[in-house]
Amino acid sequence: MFDHFVWSVVVVPPLVLLVVRLLADRLPPAGAARVIAWSAAVVAAASTVNLLLFALKAVAQVPVVAGVFGWSATVVTADTAAEPWAPWLSVALLAAVLVSVTRHWRHHRDVLALGRSAGDGTALVVLPDAEAKAFAVPGRPGYVVVTTGMRSLLTDRQFDALLAHEQAHLAGRHHRLARLAGTAAAAHPALWWVAKHVDYLLERAADEQAAVEVGSRRTVAHAIGAAALATSDAATAGSGWSVLHVAIPHGIVPRRVSLLLTPRSRPAAGLLTLLPAGLAAFSVAWSVEAAVDLVELIMTARGR
């Protein structure tokens, strides 16, 4: 069974990261975000299932448990005799995954609650705050929150572009993909950068949709630049709002502006999208085979 652990837990998640690097800006951002987020989620789920199977094997090789259920602990243990640490390491890793995913979901819930506390039933909420912020709050219906500090920095056209960007997040339900990718990263640390790239792709998708809505890529680029210049890491890092913030000025902002001003031609997306999806399917296959092997091992240990 150890080869299943190696492929699903150790090898495939970093491979997804490499594939994402390969696909960077080669696919339309909206489609790429969907494919990468779902592929990362499937890979993370397969890895977690593999950890669960190895944790069950660890329990099954305990003599007391074997005695209760009527199988041979020696036979179960012998399957990974060369790697006796693997089942018990899986127990620890599975516990860490459960804690990490739970914390991620609680944090996401708290941030949404914070964002929704600003709502007043309208599609646009303007907060009296000198700090420049703008974000979309998903819900039924969702709405956009903008501070007076952000509004004062933008021309009317730039403000229209910012609103179009945030509305694109709501219309595309981007928060769902962000949460999906974030959960995958919480389940496996190798997928952390993949989740960050999904966030970037969602911003790019909203940029492109905003450019269509306002009819000017340059206006959207200028709005992004103005918002980014007005925002600092020091001002947002300690705030819960930052998770919903559209204009946190990390290194992706110049890249977004560049792609708006000088759009690139892209190759056909079909074959490229098969790469992350293929890795996800490969990881699932290994996890399914691990489950079958565990059942067969238990049957053999019972003398059947």
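**Exercise 1. Find the salt-bridge partner of Glu208 and classify both residues by accessibility.**

Step 1. Apply the cut-off: a salt bridge needs a side-chain nitrogen of Lys or Arg within 4 Å of a carboxyl oxygen of Asp or Glu. The side chain of Glu208 meets that of Arg217, with 2.8 Å from N to O.

Step 2. Sort by relative accessible area, where buried is under 20%, exposed is over 50% and partly exposed lies in between (1.4 Å probe, protein chains only). Glu208 comes to 18% and counts as buried, while Arg217, at 26%, is partly exposed.

Before you go on, a word on the model: it is predicted, so local features need pLDDT of at least 70 and side-chain atom pairs pLDDT 80 or more, while totals for chains, interfaces and linings use all residues. Residues are numbered from 1 along each chain as its sequence is written, and side-chain values use heavy atoms, leaving out hydrogens and water.

**Exercise 2. Describe how helices H1 and H2 pack.**

Step 1. Locate them: helices are DSSP runs (H or I, at least four residues), numbered from the N terminus. H1 covers residues 2-23 and H2 residues 29-60.

Step 2. Two packed helices are described by the angle between their axes and the distance between the axes. For H1 and H2 the angle is about 160 degrees and the axes are 9 Å apart.

Step 3. Name the arrangement: H1 is roughly antiparallel to H2, a label for angles over 145 degrees.

Step 4. List contacts, meaning heavy atoms within 4.5 Å. Among them are Phe2, Phe5 and Val9 of H1, and Ile36, Leu51 and Phe54 of H2.

**Exercise 3. Which residues of helix H12 are buried, and what do they pack against?**

Step 1. In H12 (residues 252-261), the buried residues are Val253, Arg256, Val257, Leu259 and Leu260.

Step 2. Seen down the axis, they fall within an arc of 165 degrees, so they line one face of H12. The arc uses directions from the helix axis to the C-beta atoms.

Step 3. These buried residues pack against H7 (156-171), H9 (192-214) and H10 (217-229).

Key: Helices (H or I, at least four residues) and strands (E, at least two) are DSSP runs, numbered from the N terminus. Axes are lines fitted to C-alpha atoms, for helices over the stretch in contact, and angles run from 0 to 180 degrees between N-to-C directions. Angles under 35 degrees count as roughly parallel, over 145 as roughly antiparallel, 65 to 115 as roughly perpendicular and the rest as oblique.
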